[in-house]
Amino acid sequence: MYDIPLMVHIVLALSAFIYVYYSVKTKTAFMFPTQQAAIDVMINLIKTENSENPNKSIKIYDLGAGAGGVALKLAKAFPQATVVGVELAWPAWLYSCIRQKISRLGNVHFTLSDFMKVNVADGDVVILYLSDAYIGQMSEKLAKEGKQGSLIISNTFPLSTQWIPLQEISVQASVSKKIIAYRV
Ligand SMILES: C[S@@+](CC[C@H](N)C(=O)[O-])C[C@H]1O[C@@H](n2cnc3c(N)ncnc32)[C@H](O)[C@@H]1O
């Protein structure tokens, strides 16, 4: 019988530990990625938002950027935009930085930080894929500091009931089934 090398066991055990540790610490599904169909919906929402002036430079925040997939795709779709991905867990942050270097996209960068401490007052678009645990705090933060007229796009989890959705869009995907848009 083929023996699995010790190193493989160590790497698997370490990966599982990191996954569970950060999922508990951040109260979200660590690095769990938004599916492409949901990213397409986000791109369409932002395009519609800027349809009168598609070359306008805008700032997009991805709060809880995970492995950076959403931020990188938005940076590619909107070369005139500046995209900032904020992530608390260093393994995910490091991975997203490596992906950014490989992609050579100059209009996206990743910050290792707690998104509750990052001021998003200059954000034209704020992207969220959090969990129920953050709804209250995030709803208050955005009400307090969100830029007037800016767009908030939340994957799956609605903000608190004080926020009236602009649109709720069903997504044909196995996990990311709903995108909810709000206006500050
Ligand atoms: C469900 S994942 C979403 C990843 C990515 N935005 C996407 O849609 O593909 C949520 C991410 O938020 C991060 N996160 C949770 N709490 C955070 C906090 N307070 N500050 C920064 N990032 C946080 C988690 O580590 C996790 O990687």
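The ligand is surrounded by 24 residues, of which the closest are Thr26, Thr34, Gly64, Gly66 and Leu88; a residue counts as near a molecule if its C-beta atom, placed from the backbone, lies within 6 Å of it. Two or more residues of this shell come from each of α1 (6-26), α3 (69-77) and β2 (82-87). Helices (H or I, at least four residues) and strands (E, at least two) are DSSP runs, numbered from the N terminus. By type, the shell has 15 nonpolar residues, six polar and three charged. Here Ala, Val, Leu, Ile, Met, Phe, Trp, Tyr, Cys and Pro are nonpolar, Asp, Glu, Lys and Arg are charged, and the others, Gly among them, are polar.

The model is a predicted one, in which local features need pLDDT of at least 70 and side-chain atom pairs count only at pLDDT 80 or more, while totals for chains, interfaces and linings use all residues. Residue numbers start from 1 along each chain as its sequence is written.

Helix α1 has 21 residues and reaches 30 Å from its first C-alpha to its last, close to the expected 30 Å, the expected span being 1.5 Å times one less than the number of residues. Of its 21 residues two are buried, so α1 lies largely in the open. Buried means that 20 or more other C-beta atoms lie within 10 Å of a residue's own; exposed means 12 or fewer, and partly exposed in between, with C-beta atoms placed from the backbone. After α1 comes Lys27, with a positive phi near 55 degrees.

Strand β2 contains Thr82. Thr82 counts as partly exposed because it has 18 C-beta neighbours inside 10 Å. Beyond its neighbours within four places in sequence, Thr82 is in contact with Lys59 and Asn107, contact meaning C-beta atoms, placed from the backbone, within 7 Å. Ala133 lies 51 residues from Thr82 in sequence and 28 Å from it in space, C-alpha to C-alpha.

The chain as a whole has five helices and seven strands, in the order α-α-β-α-β-α-β-β-α-β-β-β along the sequence. Its radius of gyration is 17 Å, close to the 16 Å that the globule rule gives for 184 residues, so the chain is as compact as a globular protein of that length. The radius is taken over C-alpha atoms, and the rule is 2.2 Å times the number of residues to the power 0.38. Along its principal axes the C-alpha trace spans about 65 × 35 × 35 Å. Buried residues make up 35% of the 184 residues. Of the contacts with a separation of 6 or more, 66% are between residues 24 or more positions apart.

Notes: Two residues are in contact if their C-beta atoms, placed from the backbone, lie within 7 Å.
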